[in-house]
Amino acid sequence: MATELARFSNRAGLLAATLLLAACAGPRPTPPAATSITAPENWREPTADGGTVTADWWAAFGDPALDALVQKALTQNIDLSVAAARVAEARAQFQGAAGAQLPQLELVAGGGPQRALNAFGIGTNQTAGQAQAQIAWDTDLFGRLSNATAAARAQLLATQAAQDGVRLSVVSAVASGYFGLRALDARLAVLEDTATARREALRLATRRASTGYSPLLEQRQAEAELEAAGALIPTTRLAIKRQEDGLSLLLGDLPGAIPRGQALAELRPATAAPGQPAALLRRRPDIAQAEQALVAADRSLDSARAAFMPSVRLTAAGGFVDSTLLPDPVSIFSLGGSILAPIFEGGRLRAQADQAAARRDQAAFLYRRQALVAFREVEDSLAAISRTDEQIAKLSAQRDSLAEVLRMASNRYRAGYSPYLEQLDAQRALLAAELGLVQARSDALTARVQLFQALGGGWAEGREQGPG
């Protein structure tokens, strides 16, 4: 009877200690209410139905040269190589965390000559050796190791999503850089055509001035306008070189020439349908990264709270001992277990749990911010596409009108019905309209690239479901 009471008392004491340690951990803190996010019902800009973005969305612009540049960047870009190395690091960390849950097996062997006193106080010499296998296993009753493994797995998934985000950023940068390069090429062509036209205007003004039909002022004005157009050509060529060098860096190459394909005006203005706003939260790799980072922080919090609970560890060992004093080797073994229950840690465990909770709250706020950024980027891209398309239509009409104005002004000047100033004003206005149209076309293509990027670029949740 006394033995049963003693066992009951020991069990009750263990249970009481466990409950006391659990009480030290306190209630599990919940994320702040301000971290929640609700998607809007509709986009502010009118949009078409759909919402599917293909993984090779850049091909929709219809330029084989762009396709080749993107494929080269996906193969050689340095940032992508760094991102792949980070995934490998995160995978190794996950494997290390998962390995901590398994039994640990070790082989131990040692020996050598010894001199010691025996039980009778006589010195003895021997050569002894011992070899044994040891196995130890943390039972992880309260989930400290399993939660740490779950946190490492979530961090691996976050790193994989970050790799997809880098891929999307690189492709978008290549497409935007290529369109910027084609815009500079179009700008250079406009300036060269303008310089040719003004050179002809100078020839006419020089001939009229030499015959006394018009004042020398008109000749000087024509010379100044030719030089003004010519002064813009070197700066444009410099910008082209710099744009090529920037693209070369994205491609992982030394600075060099970039192959061209379609002209700026011939590129197809591909556009993606954004679909419902709520679907955006599952279509972007950066949001998936933020979500998995939140999961990792939450599991780390559970692991930190489990550190308040007792740790139960089982051990076993077996082997043999041999000595020159023994006729035969002697087998040995041991079986045991240990319970480690933290009683007083000077507030260390509480501080670790509070740190884990604060990191979880930070991850929750970062997730909300990333979601808000995603909605804002889609809205901005949709608005940019609408406004730039309207601007292109207006600038195209203006350019056509100004071209007709310049034709009539030139005819009137040649016939002597108007001064050179009318033709000069028409030349300036036409140049500004043509350069504005080039920039608007570039902005329209860039806005579409930004929309594809804002919609996730064809990335889908679950592309990387596991750590393998």
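Which residues lie nearest the centre of the largest cavity? They are Asp164, Arg167, Leu168, Gly456 and Gly457, part of a lining of 12 residues. Keep in mind that this is a predicted model.

## The enclosed space

Let's stay with that cavity for a moment. The structure holds one cavity of 30 Å³ or more, and about 80 Å³ of space lies in the largest cavity. Helix α4, which runs over residues 144–210, makes the largest share of the lining, with four residues. Sorted by class, the lining of the largest cavity comes out as six nonpolar, three polar and three charged residues.

Two of the residues by the cavity centre, Leu168 and Gly457, turn up again as contacts of Trp57.

## The aromatic cluster

There are six aromatic pairs in the model. One of them is Trp57 with Trp58, an edge-to-face pair with 5.8 Å centre to centre and 75 degrees between the planes. Are these two tryptophans buried or exposed? Trp57 has a relative accessibility of 2%, so it counts as buried, the cut-off being under 20%. Trp58 comes in at 4%, so it is buried too.

Another pair is Phe61 with Phe452, again edge-to-face, with 6.1 Å centre to centre and 75 degrees between the planes. This one links distant parts of the chain: Phe61 sits in the loop between α1 (2–25) and α2 (64–76), while Phe452 belongs to helix α8, 391 residues apart. Phe61 has a relative accessible area of 0%, so it is buried. Phe452 is buried as well, with 5%.

Put together, Trp57, Trp58, Phe61, Tyr178, Phe179 and Phe452 form one aromatic cluster. Beyond its sequence neighbours within four places, Trp57 is in contact with Leu168, Val171, Ser172, Ala175, Val449, Phe452 and Gly457.

## A buried arginine

Now for a charged residue. Arg448 is found in helix α8, which covers residues 420–454. Its relative accessible area is 5%, so Arg448 falls under the 20% cut-off and counts as buried.

What does Arg448 touch, leaving out residues up to four places away in sequence? The list is Phe61, Pro269, Ala270, Thr271, Ile385 and Asp389.

## The open pocket

Finally, there is a pocket to look at. The largest pocket has a volume of about 320 Å³. Its lining has 22 residues, and Arg144, Ala306, Ala307, Met309 and Ser311 lie nearest its centre.

Where does that lining come from? At least two residues each are supplied by α4, α6, β3 (311–323) and α7. By class, the lining of the largest pocket has 11 nonpolar, six polar and five charged residues.

Terms used: Residues are numbered from 1 along each chain as its sequence is written. This is a predicted model: local features need pLDDT of at least 70, side-chain atom pairs count only at pLDDT 80 or more; totals for chains, interfaces and linings use all residues. Side-chain values use heavy atoms; hydrogens and water are left out. Buried means under 20% relative accessible area, exposed over 50%, partly exposed in between (1.4 Å probe, protein chains only). Contact means heavy atoms within 4.5 Å. On a 1 Å grid over the protein atoms alone, a cavity is a set of points where a 1.4 Å probe fits but cannot get out, and a pocket is an open set with protein on both sides within 12 Å along at least five of seven lines; lining residues have an atom within 4 Å of a point. Grid points are joined across faces, edges and corners, and a volume is the space filled by probe spheres set on the points. Ala, Val, Leu, Ile, Met, Phe, Trp, Tyr, Cys and Pro count as nonpolar, Asp, Glu, Lys and Arg as charged, and the others, Gly among them, as polar. Rings of Phe, Tyr and Trp (its six-membered ring) pair if their centres lie within 6.5 Å; planes under 30 degrees apart count as stacked, over 60 as edge-to-face and the rest as tilted.
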